[in-house]
Amino acid sequence: MLPPPVDAPSQAKSCYCLPRREAALRHSHARTKRKPMNALSGNTSSRYPLLLLTVFAIAWIALAIAPSYRQDWLLENVLVLIAVPLLVAGHSRMRFSNTAYTCLFVFLVLHEIGAHYTYSEVPLPSWLTGFGADGSLAASRNHFDRWVHFLYGVLITPMAVELLDARAPQRGMWRWLLPWFFVVSHATLFEIVEAAAAGVFGGELGQAYLGMQGDVWDSQKDSALAAVGAALAVIALRWGATRTAPAR
């Protein structure tokens with residue numbers, strides 16, 4: 001006995017729906033295979049980040065006691081009090097590598113030292129303070145802020161690279177350029193916000209927060225140092241990853 005004839009419109013509808021079902025299945029399968037940030041970092045343990053957070057909290061409390069300029073300390077800590085809780089809240093979904101957490105920890109401790117003394121008055125060894133007009137070693141300028149801006153580029157870039165690799169994968173030269181642009185844009189934006197805040201508050205508080213120390217090109221130099229530090233970090237990270245990648 002022959003099977004009953006299939007209605008032509010229903011047959012066409014069935015054929016039309018089949019590709020859509022296959023596409024939906026492929027999309028669902030791709031979503032389940034997408035690696036979380038924890039898997040990409042290669043470490044899912046929270047013990048080391050928790051240790052760094054605990055040590056930083058102790059250092060933060062210690063450096064919050066009797067700072068040189070309380071109002072400046074408050075301004076310097078606005079971003080810290082925003083960024084650190086966000087990192088803690090998102091840790092389960094975005095677990096960075098221990099290297100990235102260590103670099104961030106070092107930078108934040110340096111920043112808190114600058115906030116405690118104000119950046120232009122951090123006690124430094126004489127060989128770090130600069131040279132006088134005659135070329136001799138002299139305390140012509142406190143370069144702590146210069147060092148920290150350079151280290152911002154070096155120490156924040158590892159976390160930026162991991163974030164972009166996980167959320168916005170790049171190819172070719174963009175693997176080198178995008179992390180650099182990302183960090184430099186933040187450093188430059190901060191200099192703009194810093195100058196605007198100094199202009200709003202004015203007086204001694206504005207000068208302490210801006211920390212120009214008489215250099216009208218201070219913001220540009222700080223941004224340039226952050227850019228150099230970020231470039232060196234990107235080169236080290238990408239070149240190192242290329243050297244250690246398994247041959248195909």
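## About the model

This is a predicted model, in which local features need pLDDT of at least 70 and side-chain atom pairs count only at pLDDT 80 or more, while totals for chains, interfaces and linings use all residues. Residues are numbered from 1 along each chain as its sequence is written, and side-chain values use heavy atoms, with hydrogens and water left out.

Let's begin with the charged side chains. The whole structure holds three salt bridges (a side-chain nitrogen of Lys or Arg within 4 Å of a carboxyl oxygen of Asp or Glu). One of them pairs Asp218 with Arg146 at 2.7 Å, N to O. Asp218 belongs to helix H10 and Arg146 to helix H7, so this contact ties together parts that are 72 residues apart in sequence. Helices here are DSSP runs (H or I, at least four residues), numbered from the N terminus.

Arg238 and Asp165 form another salt bridge, at 2.8 Å, N to O. Since Arg238 lies in H10 and Asp165 in H7, the pair ties together parts 73 residues apart in sequence. Arg238 is buried at 3%, whereas Asp165 is partly exposed at 31%.

## The largest pocket

The largest pocket has about 1,000 Å³ of space. A pocket is an open set of points on a 1 Å grid over the protein atoms alone, where a 1.4 Å probe fits, with protein on both sides within 12 Å along at least five of seven lines; lining residues have an atom within 4 Å of a point. The volume is the space filled by probe spheres set on the points, which are joined across faces, edges and corners.

Of its 39 lining residues, Leu79, Ala83, Phe107, Tyr152 and Ile156 are closest to the centre. H7 gives the most to the lining, with eight residues.

## A nonpolar surface patch

Val78, Leu79, Ile82 and Leu86 make a nonpolar surface patch of about 380 Å². Patch residues have over 30% relative accessible area and no salt bridge, with nonpolar side chains (Val, Leu, Ile, Met, Phe, Trp, Tyr) joined within 5 Å and like charges within 9 Å; areas come from the Shrake-Rupley method with a 1.4 Å probe, and for residues only the protein chains shown count as cover. Leu86 lies in helix H5 and is exposed at 59% relative accessible area.

Conventions. Helices (H or I, at least four residues) and strands (E, at least two) are DSSP runs, numbered from the N terminus. Buried means under 20% relative accessible area, exposed over 50%, partly exposed in between (1.4 Å probe, protein chains only).
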